[in-house]
Amino acid sequence: MSYEAPLRDMQFVLYELLKGDEVLPALPGFEEASRDIMDAIINEGARLTQNVIEPTNAPGDREGCHYDPESKSVTTPQGFKEAYQQFAEGGWTGMSAPVEYGGQGMPHLLNTVAEEMMCSANLSLGMYPGLTHGAVNALLGYGTDEQKDYFLPRLISGEWSGTMCLTEPQCGTDLGLIRTKAEPQADGSYAVSGTKIWITGGEHDLTDNIVHLVLAKLPDAPKGSKGISLFLVPKFLEDGSRNSAFCGGLEHKMGIKGSATCVMNFEEARGWLIGEPNKGLQAMFVMMNSARIMVGIQGLGIGEAAYQVSRDFAKDRLQSRSLAGPQAPDQAADPIIVHPDVRRMLLRQKATIEGCRALAYYTVMQLDISQHSDDEDARERADDMVQLLTPVVKAFLTDEGFFCANDGLQLMGGSGFTQDWPLEQFVRDARITRIYEGTNGIQALDLVGRKMGMNGGRSVKRFFGMVEGFLKENADAPYADQVKAASEKLQRATMWLMQNGMSDREQAGAAATPYLRLFALTTVAFFWSRMALVAQQQLDGGTTESDFYQSKIRTGQFFIDRILPQADALLAEIESGKDSLMALTAEQF
Ligand SMILES: Cc1cc2nc3c(=O)[nH]c(=O)nc-3n(C[C@H](O)[C@H](O)[C@H](O)COP(=O)(O)OP(=O)(O)OC[C@H]3O[C@@H](n4cnc5c(N)ncnc54)[C@H](O)[C@@H]3O)c2cc1C
């Protein structure tokens, strides 16, 4: 029942599909990222997550976090602290952080593989170091040298952790409504006052200090989102004194119960400005962009964990006979994996997870190229892809991660619903990933409202260019015709949006979610074609792993036959426009 890191599939994507062992070491700064080193890191990550992290998952869910109103402190579930310590001591918190601040300077892609394993093994525990990454990125991008020298080594070593404090009772999506205030002080610091809610890792016992990155308004700030600044507010100040940033309580919630979701009260807490006044959202987006990809990886990780449990169950559970006649005549019944409807649920998980892994790892490799290549054009091209695909990765992988967990639970019947099996926890844990870090509806608006038109539509044109280029060079690649047809539908939807969504923003809003899904299905189909081509070449070359490669081609075929056809319905939904959505008055609901 326990998690086994899907190393073979990870390596397939890393090396055989993306050629990461050639591309990454050729980038300045990543010379050491050879296949041997990457394999060693991934194998060690598998050992840690399987043996140390995963055993804390179910007990952590049952126990949850504890709040002590007296001391305003939070204790994480038993075993979390020891597991986190091993994680930090192993250097995992600083895997892709710069060497000059104590990190290991490895590619983000490698960190992403480790994150996937962590999220499969224990999503709640993975949240604590996950949020710290965002704080590190914001400081790297916008901190002063002094701030970087003091905070970064401690955050990167995992000795301290970070938070992202945006949400307030009256403001979630619409950050322009923030009320938290920051008053300038004579010594150059700020007194930060206000209440933040739902703050992940706002208070806990895993690290010695917690560094809060807080959005607040200066006294003379312009109204709305243009008047927001970012402040760094540590729990303990440099002289060791306690800052007045206190946890007011824990949220009682559906899932990720081992992750402390806190109300945070800032009572004239000492803080320091990060970046320029009133430009806080810009800095926050640096944190959010990497965090959004990470949340997509959470969906992937949970989906994989759910698939593994339900797959093993489907092979064990005996119920009814196959429609084609008994398959295990010496047993009382056949294993349920013989039934087409059970296979539908299993294959849907397998086909989307493997396709999503390719999409996510590709996107993160573009992030590495965009930050490390010495070729300006290559950096720009890679950045275009990262910008365009980030909302797709966040929304599609978290939607699918949840659907996989749900399918896994359904496949297991009543067993899936009980606490004897981890599926009910996976479903509860996966649900939040579609909401936080910008709901998936907001990701869709980001795709159609910002990313599509960015640089005169350059990213989207490059995306279509990439698909067309592949199809031209590989006209006989598996599923090439279906990928071409899907790409044409996506182009038609893109044209529709350009013609209708620019003049009428409600049309863009109405099309956004089906458009993002159509985009994701087309992209994943494209990666399936590329993966199946690699597999076909291996089979033609007489590989000794014919089962693995045959399974790839067959799984890809399932995606093309039974998932990609949704593209037609999505296109029809987009082209139906906003009328039926907007026709009812509020009273008619
Ligand atoms: C467990 C958990 C952990 C969290 N961790 C953090 C954290 O660490 N830091 C932090 O700052 N926040 C955190 N959050 C808050 C989270 O990011 C917000 O819940 C999320 O951004 C949505 O905001 P909201 O809940 O206020 O929903 P609202 O903004 O009120 O939205 C409600 C609904 O309206 C939709 N909607 C809103 N505006 C639009 C629009 N313009 N167009 C279309 N639809 C729209 C939304 O998609 C949603 O469906 C956490 C939340 C939870 C539950």
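In which helix is the place of Gly-457? The legends below, which describe a predicted model, begin with this residue.

**View 1. Gly-457 in helix H15.** Gly-457 has its place in helix H15, which is made up of residues 454-473. Because 14 C-beta neighbours lie inside 10 Å of Gly-457, this residue counts as partly exposed, given that a buried residue needs 20 or more such neighbours and an exposed one has 12 or fewer.

**View 2. Gly-457 and Asp-384.** Although 73 residues separate Gly-457 from Asp-384 in sequence, the distance in space between the two, from C-alpha to C-alpha, is 9.9 Å.

**View 3. Helix H18 along its length.** Helix H18 takes in residues 546-563, 18 residues in total, and it reaches 25 Å from its first C-alpha to its last, which is close to the 26 Å expected at 1.5 Å a residue.

View 4. An α-helix has 3.6 residues a turn, so residues three or four places apart point the same way.

**View 5. Domain 2 and domain 3.** The domain assignment of the chain gives domain 1 (7-66 + 75-156), domain 2 (161-278) and domain 3 (440-580). The centres of domain 2 and domain 3, taken over C-alpha atoms, are separated by 39 Å.

Key. Residues numbered from 1 in each chain as written. Predicted model: local features only at pLDDT ≥ 70, side-chain atom pairs only at ≥ 80, totals over all residues. Helix = DSSP H or I, 4+ residues; strand = E, 2+ residues; numbered from the N terminus. Expected span 1.5 Å × (residues − 1). Domains from an automatic or database assignment.
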